[in-house]
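Please have a look at the sequence and the structure first.

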Number of protein chains: 2
Amino acid sequence: MNSMKTDSSIKREITKMDGHEIKQVTDFLVNERPLTLFLNGQEWITLLTSMGAETYLAIGFLYSEGIIRQYDDLKSVEIDLESGQVDVTTKKNVDLQAKLKGKRTLTTGCGKGTVFYDVLDSLTSKPVNDEFLVEASSILQRSKEFNQQSLLFRETGGVHGCALCDENSIVLFHEDIGRHNALDKIIGHALSDGISMKGKWVLTTGRLSSEIVIKAGNHQIGMLVSRSAATDLAVDLAQQLNMTLIGFARGNRMNIYSGSQRVFIPPKE
Amino acid sequence: MNSMKTDSSIKREITKMDGHEIKQVTDFLVNERPLTLFLNGQEWITLLTSMGAETYLAIGFLYSEGIIRQYDDLKSVEIDLESGQVDVTTKKNVDLQAKLKGKRTLTTGCGKGTVFYDVLDSLTSKPVNDEFLVEASSILQRSKEFNQQSLLFRETGGVHGCALCDENSIVLFHEDIGRHNALDKIIGHALSDGISMKGKWVLTTGRLSSEIVIKAGNHQIGMLVSRSAATDLAVDLAQQLNMTLIGFARGNRMNIYSGSQRVFIPPKE
């Protein structure tokens with residue numbers, strides 16, 4: 001294993017046991033630290049995150065939580081890495097109490113239809129309006145490049161990677177101990193740089209659960225790809241959101257759970 | 001792969017691609033559904049969980065959030081699986097607003113010491129007061145049995161397993177899409193059945209991050225073992241909490257990050 005140090009990994013002395021052999025060795029651990037978000041001067045929430053791209057994380061999280069709708073809603077974002085604090089000021093005032101009430105918990109209304117529709121009701125996102133066609137080979141090629149780029153994962157085994165891809169290359173790449181954080185960094189980065197999600201897809205090392213699908217849907221992301229598994233609720237939501245959901249994308253294989261119309265698989269020559 | 005159906009996996013039709021071959025096949029997906037907790041008649045929070053052991057999850061979550069301190073604090077726990085609702089009544093009244101304010105976010109005080117100590121300040125748990133000695137071979141043997149028992153993981157690839165172990169056997173075993181939920185099911189089960197944590201350890205498939213260490217610390221669990229990685233903050237907290245933290249427990253190997261005094265490694269004969 002090539003133990004190259006990245007910003008997000010920390011050198012530590014640990015005890016390694018292998019059979020009857022015990023060694024004190026230096027190893028790299030993924031860094032985890034609290035990042036407290038202040039919104040318009042008011043303490044809001046503390047995220048546990050890996051160092052790097054904190055500003056993007058803050059912006060992406062604000063977007064995912066429905067606090068901002070576009071980059072232009074922000075007045076300023078100030079970050080103090082020493083105290084682990086981000087101060088965000090928005091142009092318009094935000095009723096945090098009302099926003100939190102609606103967003104922090106996935107509230108299920110009682111007695112109105114099935115659980116599944118209750119979850120859908122809590123969605124603020126509309127079905128994805130972005131039809132495109134990608135060759136399966138491009139999806140798998142990006143996944144291969146993505147694995148090569150996931151240095152921190154290979155080094156520490158403790159971090160999730162997330163990438164924004166198109167047919168030609170990996171456009172954005174971020175890592176974090178939280179798979180939600182990694183996606184928020186991508187979203188925040190795209191918003192900050194004015195990068196459109198049209199015709200692109202998001203690649204994650206994490207499992208495809210309902211929350212990841214909802215987060216992607218909020219940002220009108222048309223395709224989510226993972227080398228891991230999907231839950232049944234994630235598949236249901238992806239279908240409702242007209243999103244392509246692909247799991248176990250490894251080597252020459254993938255499972256397409258939803259939205260297979262966006263994947264072109266050429267017949268064998 | 002042996003595709004035995006468990007309660008927590010759901011049969012679905014999916015599109016499998018392998019090279020140029022496309023097939024419509026039946027696959028098993030891990031089940032994810034919202035479970036809404038009502039506390040003394042008031043809607044509290046919705047957890048996204050896999051089916052199974054919902055009562056234990058609710059009790060463990062209540063404990064982890066500091067709502068109850070012992071099983072005896074509960075008056076009743078009623079579960080309606082169709083609506084995905086758990087109604088918990090406690091003997092004493094609970095000021096949910098105050099509890100939530102203190103617990104839902106890891107608040108970091110400003111300007112008083114390092115980030116690390118701020119996180120520690122938010123801990124309600126005391127250092128673990130449970131000294132015991134386990135042979136490394138027992139830890140690895142339980143991990144081996146644990147992997148064999150993780151049926152749902154092998155089947156769907158999408159779920160975390162968690163077990164309570166002692167030197168002789170796996171005492172409790174639960175699975176969930178969330179690694180926090182899986183540990184809460186173990187804690188809830190142990191509380192319900194009056195099973196002591198003394199001299200036992202918790203095994204998880206998930207990464208060892210600060211939140212898992214805090215959750216275990218709240219329940220005075222002396223040892224946490226994972227086949228995955230640990231973060232640096234998890235190690236710092238485990239050291240402060242006098243907890244043994246072991247990662248990458250696979251085959252004959254393990255990394256001991258903290259509390260190595262509880263692990264006995266006999267010299268080679």
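In which loop is A53(B) found? A53(B) lies in the loop between β4 (42-49) and α1 (54-64) of chain B. This is a predicted model, in which local features need pLDDT of at least 70, side-chain atom pairs count only at pLDDT 80 or more, and totals for chains, interfaces and linings use all residues. Side-chain values use heavy atoms, with hydrogens and water left out.

A53(B) is not a glycine, yet has a positive phi of about 60°. A53(B) has a relative accessible area of 24% and is therefore partly exposed (buried means under 20% relative accessible area, exposed over 50%, partly exposed in between, with a 1.4 Å probe and protein chains only). In chain A, A53(A) also is a non-glycine residue with a positive phi of about 60°. A53(A) sits in the loop between β4 (42-49) and α1 of chain A, and counts as partly exposed at 22% relative accessibility.

Now to the helices, which are DSSP runs (H or I, at least four residues; strands are E, at least two) numbered from the N terminus.

| Helix pair | Angle | Axis distance |
|---|---|---|
| α1(A) and α6(A) | about 95° | 6 Å apart |
| α7(B) and α8(B) | roughly 20° | within 8 Å |
| α6(B) and α7(B) | roughly 10° | within 10 Å |

The angle makes α1(A) roughly perpendicular to α6(A), whereas α7(B) is roughly parallel to α8(B) (under 35 degrees is roughly parallel, over 145 roughly antiparallel, 65 to 115 roughly perpendicular and the rest oblique). α6(B) and α7(B) are therefore roughly parallel to each other too.

In the contact of α7(B) with α8(B) (heavy atoms within 4.5 Å), S210(B), V213(B) and I214(B) meet L233(B), A234(B), L237(B) and A238(B). These divide into six nonpolar, one polar and no charged (Ala, Val, Leu, Ile, Met, Phe, Trp, Tyr, Cys and Pro are nonpolar; Asp, Glu, Lys and Arg charged; the others, Gly among them, polar). The contact of α6(B) with α7(B) has four nonpolar, one polar and four charged residues.

Finally, helix α4 (residues 136-149) of chain A has buried residues including I139(A), L140(A) and F146(A).

Terms used
Residues numbered from 1 in each chain as written. Chains lettered and ligands numbered in written order. Axes fitted to C-alpha atoms, helices over the stretch in contact; angles between N-to-C directions.
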